[in-house]
Each structure stands twice: as structure tokens, then as C-alpha cells.
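Colleague: I'm new to reading protein models. Could you walk me through this one, a question at a time?

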Amino acid sequence: MDLFDKFKIWVLLVCLISQLCHGFYLPGSYPHKHGIGDALSVKVNSLTSIETEIPYSYYSMPFCKPQEGVKDSAENLGELLMGDRIENSPYRFKMHTNETDIFLCKSSPPLSADEFKTLKKRIDEMYQVNLILDNLPAIRYTQKETYLLRWTGYPLGAKVQDAYYVFNHLKFTVLVHKYEETNVARVMGTGDAAEMIPTVGSPVSDIPGYMVVGFEVIPCSVRHNAESVKNLKMYGKYPNVITCDPGAVGMAVEEGDSVAFTYEVSFVESDIKWPSRWDAYLKMEGAKVHWFSILNSLMVITFLAGIVFVILLRTVRRDLTRYEELDKEAQAQMNEELSGWKLVVADVFRAPTNASLLCVMVGDGVQILGMAVVTILFAALGFMSPASRGTLVTGMLFSYMILGIAAGYVAVRLWRTIGCGEKTGWASVSWKAACFFPGIAFLILTTLNFLLWGSRSTGAIPFSLFVILILLWFCISVPLTMVGGYFGAKAPHIEYPVRTNQIPRDIPAQKYPSWLLVLGAGTLPFGTLFIELFFIMSSIWMGRVYYVFGFLFIVLILLVVVCAEVSLVLTYMHLCVEDWKWWWKSFFASGSVAIYIFLYSVNYLVFDLKSLSGPVSATLYLGYSLFMVLAIMLATGTVGFLSSFWFVHYLFSSVKLD
């Protein structure tokens with residue numbers, strides 16, 4: 001084969017790859033072609049509220065049910081864990097066909113005392129109805145002074161002067177864009193992907209088609225004539241023209257009333273292209289403040305971290321250089337007058353108390369940190385977009401399980417290093433690493449799940465899912481952790497550069513408690529993420545869509561750097577005052593950032609979630625916050641410990657002290 005033939009092959013490969021890339025869509029994000037008159041089905045999700053954070057099933061309210069019966073849609077693991085309950089609905093559209101005054105149903109039997117009481121409670125708690133069309137949540141626009149506010153879903157009803165009104169007429173607007181034929185060589189789909197996608201070389205269809213690029217809803221409260229709907233069937237034409245005025249309410253409900261539901265739909269051709277159809281959901285208010293705050297935080301923390309790093313290098317390097325420049329006689333004389341960190345040379349690598357627990361926590365911290373890096377990186381690349389609900393949680397769960405092999409390896413190798421090469425007990429350490437954090441998480445989630453079960457919420461994890469999670473834990477995560485521990489036991493342990501005396505050296509009395517300095521060290525890492533933390537908390541508890549994963553990845557990297565340097569500096573300070581018990585202090589120096597995050601969570605509950613009602617809601621919030629804080633403590637503490645271990649090993653291997 002000559003050079004020209006090789007060149008032709010390379011050109012052919014490049015052309016083929018370009019065709020593949022041209023037709024590639026991220027999971028769940030490829031366009032669906034709908035011809036004029038094709039049926040469009042609206043789905044419903046759980047009722048949600050920022051007042052309680054407890055989701056409920058859509059059909060727990062007296063809504064109309066589809067003729068074919070209520071059916072659950074295929075949901076992934078992440079959606080189930082997030083409390084989503086996606087079901088079919090009675091709303092039916094025809095592509096590019098406007099319809100008005102469509103009668104849906106009349107609630108039958110009339111509202112009982114319990115149903116009316118529940119309906120009033122849900123309205124008081126500001127529950128939102130969430131609808132989905134072609135994987136797009138229904139969005140609602142409201143005008144507030146000069147601002148146009150965006151909301152997903154619409155309120156169940158409203159309370160006006162002690163009377164309760166239900167929104168029983170929906171005005172839908174479906175934004176469509178003309179379908180653009182695309183060469184698609186390979187598609188990665190989801191459960192909703194039942195349509196056929198054209199492949200490379202397929203002929204261009206002459207039949208016009210459209211893609212759904214927007215789904216808007218305007219809820220109205222309309223009083224219907226009881227006689228007019230008496231003989232109407234589902235999808236029948238309402239005899240009178242229905243006027244939808246979102247600024248007025250007309251359908252007041254009382255015990256024993258029957259509520260009639262109607263809707264209308266209009267299709268509007270839009271310039272919005274398929275890749276941009278999620279832009280309306282991602283336009284968070286105050287975006288400029290968000291970007292400016294993140295940039296300002298990055299600049300300030302980078303500057304402070306640089307100063308800390310320079311001071312540290314100059315201090316340590318000066319001590320080592322001064323020592324190494326002396327001749328042997330002067331070194332011998334200096335050894336008699338040693339002070340500071342040089343005095344603890346025979347104790348600095350003395351095994352810490354509860355060494356097994358430290359190894360387990362460091363191993364779990366490596367696993368959690370790795371999970372965070374992998375998940376945020378994939379989300380930043382667009383593989384976990386909002387179009388694929390639940391993929392973020394699913395990705396986190398599976399990456400955590402796979403990284404169990406890293407947890408076992410690090411925990412056992414650290415255990416062998418502390419034990420100076422002793423292999424005995426590695427299986428026990430691996431087992432503890434596989435069960436420590438998941439066990440605590442399982443305990444917290446089970447307790448919270450009982451509260452959700454008692455509230456009959458869709459947020460409660462079904463028993464079958466509990467069984468699946470336990471099987472994933474013991475059939476995937478635990479074996480991988482044990483495999484990692486096996487490799488950690490086979491790997492050579494890290495040799496200490498100095499010997500350890502049998503009798504420990506007394507630690508001089510300190511002027512101030514060392515743990516006070518350790519706990520205060522968490523303020524600097526907290527400063528790197530507290531602004532980003534506000535947006536993350538808002539997305540979790542306020543129902544907003546979080547999308548700036550690129551910035552989050554940068555903040556994560558910066559947090560790792562700051563945690564490493566803060567722990568490193570505190571370790572050096574403790575060694576300088578002859579405190580050789582640095583192991584746990586280095587872990588909690590950076591891990592103490594979790595304390596400030598938990599305090600911030602309490603502050604967010606008190607001042608930003610002031611309307612959070614009921615002890616169950618507050619308990620759920622604090623329980624999930626505790627779970628998040630524990631994971632952050634393990635991850636940041638691990639970064640601090642490993643950096644301090646490297647620093648101490650480097651410091652005492654750079655100079656020979658007898």
C-alpha cells in the first residue's frame with residue numbers, strides 16, 4: 001500500500017467520522033418528527049411545592065383520568081429516587097391543529113369532606129401541577145413590574161378572601177419548528193424514543209413535519225354551567241365560548257361540589273431551533289450576578305491560596321536550606337539545639353488512635369470525591385442535560401459503586417502503611433470501607449423514607465427499589481471494594497523516611513486549643529463555594545434548573561487546592577509547636593468546612609425557606625442536609641489528609657535527622 005492509498009483511507013475515515021458526528025445527539029435530546037394531525041400526548045408528573053418539599057401523585061387530586069386508565073411511564077433509577085411519578089394524562093393534542101372549548105370531564109362523585117379538606121390544604125401549601133409534552137415541562141410566564149418571571153408548572157388553585165378557587169381550564173400554547181431532515185448514523189435514546197430516526201442515505205421525506213420546541217400553559221378558574229356539561233362526553237365541544245382570564249377567578253369550590261375541567265390548545269410556529277428549546281428553562285433570574293459572583297470568588301480565593309502557598313514554600317525551604325548548608329560538625333551541634341518540627345522526628349509517623357477508622361474514612365472520601373469529579377465533568381460536557389431527567393442521580397450512583405475499587409485500594413494501602421507493611425486485617429478494613437458511608441446514608445434515607453411513607457408521598461422510595469439498592473450495594477459496590485482492598489494488600493506500602501521511638505514524646509502545653517484552630521480552618525474552603533452553594537440549594541429546594549456545571553467543576557478544582565493547602569499549613573503549624581498528633585487534625589482541618597455548610601443550610605432554612613411548613617418538611621430538609629454534609633466532610637477531609645501526609649513524608653525525607 002503506497003502513501004496515496006493510505007491518504008485516501010484517512011480521508012474516507014475523516015468523512016465517515018464527520019457524518020457520525022453530524023448526526024449524533026446526546027441521550028434523550030434528539031428531535032421527534034410529528035406530521036400535521038399526529039397525536040401528541042401530555043404526561044403528568046408529581047405535584048410539588050417549595051412550601052413542603054413533599055411530592056404527591058397527580059391523581060391524588062380529583063383530576064380527570066384518561067379513558068384507557070392511568071399508566072406509569074418508564075422511569076430510571078434517578079427519577080424514582082427524586083420522587084418523580086410520570087403518568088399519562090387525558091390531555092390530547094393534534095399536531096398543528098388548534099382546538100378550543102374542549103370538555104374533559106366532570107369530577108364524579110362530588111367532592112367529599114376529606115377530598116375538599118385535602119384540596120384546600122394543597123392550595124394553601126402552593127402545590128404546582130407539572131405537565132410534560134415531548135419531554136418538555138410546561139412553563140408559565142407571569143409579569144411582575146418590569147420583570148417576566150418563569151415558572152415550571154401551574155398552581156393547583158388560589159385562595160381569595162377565605163374562598164378556594166381551583167384552576168379548571170388550561171390554555172396551552174405549543175411552540176413548533178419545522179422539522180429539518182438530518183443524517184443520523186447513531187442514536188442513543190431513552191424510554192420515550194419510539195419514533196423512527198432517518199439514517200444515513202435515507203431519502204428526504206416530502207411530508208411536512210414539526211418538532212415541539214416550547215410548551216406553555218395559562219391556568220384559569222372558570223365557572224361552568226352545570227346543565228351545559230351534564231350530557232357532554234370527554235373531548236366534546238363545550239357549547240359556550242370559554243374566556244380564559246388569568247387575572248380573575250370564578251370556580252369556587254365547596255364540599256359536595258363537582259368540578260368541570262376544560263382546555264384549549266393553539267400551535268405557534270417559532271424561530272426557536274431544537275438545540276435551543278431548553279433555553280427558556282435555563283434562563284435563571286439574576287444570571288449576571290451569578291456569573292460575576294462566581295468570577296469574583298474564584299479570583300479572591302486563587303489570590304489567597306497563592307499567598308498561602310508562597311509563604312509555606314519560603315518557610316519550609318528556608319529551614320531546609322539553612323540546615324543543609326551547615327557542615328557536619330555544625331549539624332551535630334544544631335541537632336542538640338533542635339526546636340520546632342525537628343524535635344518530633346521520632347514521633348511524627350507514630351500510628352494515630354483509631355487508625356482503622358481513619359483509613360476507612362479516607363477510602364470513602366476518595367470514592368466520593370471521584371464520584372463528584374466524574375459526575376460534574378460529564379454534566380459539564382452535556383451528557384447529563386435537563387432533557388434527561390434522573391440521569392444526574394443515576395450517574396452519581398453508578399460512578400460511586402464503580403469507584404468502590406478505589407476506596408478499598410486506598411483504605412487498605414493506608415492501613416498497611418500505618419502498620420509498617422502488616423497485611424493482617426485488610427479484609428476487615430475493606431469491608432468497613434464498603435459499609436461505612438453507605439450504611440450511614442442508608443440509615444438516614446430509611447428514617448426519612450418512613451416520614452414520606454407516613455405522608456403518602458411519591459417521594460417515598462418503593463420497597464422494590466429498596467431491594468434493588470441493597471442488591472446494587474452488596475452485589476456490586478461491596479465486591480468491587482473488596483477487590484480494591486485485595487490490590488491494596490498486594491501493593492507495596494509507603495516506607496517512612498525516619499524511625500519511630502517506642503516511647504512517645506510529651507507534647508508541650510499549648511497556649512490555645514489546637515482543635516479550635518482546626519475548626520476555624522474550614523472558613524477558607526467554605527469561601528470558595530458558598531456563592532455556588534446558594535445556586536445549588538436553590539435548584540434543589542426552589543425547583544430551579546441548575547446548569548452551570550462548567551463553573552461548578554472549576555469551583556471543585558479550586559476547593560481541592562484550597563483544602564490541600566489549608567490542611568498542609570495547619571499541619572506545619574502543629575509540628576512547629578511539637579504537636580506530632582497531626583493525622584486526625586489534618587483530616588478535620590479541611591473537613592471542618594462541612595460544619596459551615598451545615599450552618600449555612602440552617603441559615604437557608606430559616607431565611608430563604610421561611611415558608612417551609614410542618615415538622616416533617618423541616619426534618620426532611622435537615623436529614624438530606626446532614627447526608628450532604630457528611631459526604632462533603634469525607635471528601636474534603638481526605639484531600640487535606642493526603643496532602644498533609646505527602647508534605648510530612650517529603651519534609652522528613654528531605655533532611656536526615658538522628
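Colleague: Let's start with Pro219. Which strand is Pro219 found in?

Modeller: Helices and strands here are DSSP runs, numbered from the N terminus: a helix is H or I with at least four residues, a strand is E with at least two. Pro219 falls within the run of residues 209-220, and that is strand β14.

Colleague: Before we go on, what kind of model is this, and from what number are the residues counted?

Modeller: It's a predicted model: local features need pLDDT of at least 70, side-chain atom pairs count only at pLDDT 80 or more, and totals for chains, interfaces and linings use all residues. Side-chain values use heavy atoms, with hydrogens and water left out, and each chain, as its sequence is written, is numbered from 1.

Colleague: Back to Pro219, then. Buried or exposed?

Modeller: Buried means under 20% relative accessible area, exposed means over 50%, and partly exposed is in between (1.4 Å probe, protein chains only). Pro219 has a relative accessibility of 8%, so it counts as buried.

Colleague: How far apart are the C-alpha atoms of Pro219 and Lys171?

Modeller: Along the chain, Pro219 and Lys171 are 48 residues apart.

Colleague: Now for charged pairs. How many salt bridges does a search of the whole structure find?

Modeller: A salt bridge is a side-chain nitrogen of Lys or Arg within 4 Å of a carboxyl oxygen of Asp or Glu. Searching the whole structure for salt bridges gives 5.

Colleague: Take Glu68 and Arg92. How many residues apart in sequence are the parts that this pair ties together?

Modeller: Their side chains meet in a salt bridge at 2.5 Å, N to O. Glu68 is in the loop between β2 (39-44) and α2 (77-81), and Arg92 is in strand β3 (residues 87-94), so the parts tied together are apart in sequence by 24 residues.

Colleague: Which residue forms a salt bridge with Asp134?

Modeller: Asp134 lies in the loop between β6 and β7, and its partner lies in the loop between β15 (260-269) and α4 (279-282), 143 residues apart in sequence. Both partners are buried. The closest N and O atoms are 3.3 Å apart, and the partner is Arg277.

Colleague: What about Asp347 and Arg350: what is the N to O distance?

Modeller: Asp347 counts as buried at 3% relative accessibility, and Arg350 is buried too, at 13%. Their side chains meet in a salt bridge, with an N to O distance of 2.6 Å.

Colleague: What is the phi of Asn135, roughly?

Modeller: Asn135 lies in the loop between β6 (131-133) and β7 (136-137), and is buried because its relative accessible area is 14%. Although Asn135 is not a glycine, its phi is positive, at about 70°.

Colleague: And Gln161: buried or exposed?

Modeller: Gln161 is in the loop between β11 (157-160) and β12 (163-166). Its phi is near 50°, a positive value in a residue other than glycine. With a relative accessible area of 76%, Gln161 is exposed.

Colleague: Let's go inside. Which residues touch the most other members of the largest nonpolar core?

Modeller: A nonpolar core is a set of buried Ala, Val, Leu, Ile, Met, Phe, Trp, Tyr and Cys residues joined through side-chain atoms within 4.5 Å. In soluble globular proteins, nonpolar side chains tend to be buried together. The largest core here has 83 residues, and the ones touching the most other members are Phe641 and Phe652.

Colleague: How many residues are in the second, separate core?

Modeller: Tyr59, Ile139, Val166 and Leu620 are among its members. The size of that second core is 56 residues.

Colleague: Last one, out on the surface. How much accessible area do Val374, Leu377, Phe378, Leu381 and Phe383 have together?

Modeller: Patches are made of residues with over 30% relative accessible area and no salt bridge, joining like charges within 9 Å and nonpolar side chains (Val, Leu, Ile, Met, Phe, Trp, Tyr) within 5 Å. Accessible areas come from the Shrake-Rupley method with a 1.4 Å probe, and for residues only the protein chains shown count as cover. Leu381, one of the five, is exposed because its relative accessible area is 55%. Together these residues form a nonpolar patch with an accessible area of about 410 Å².
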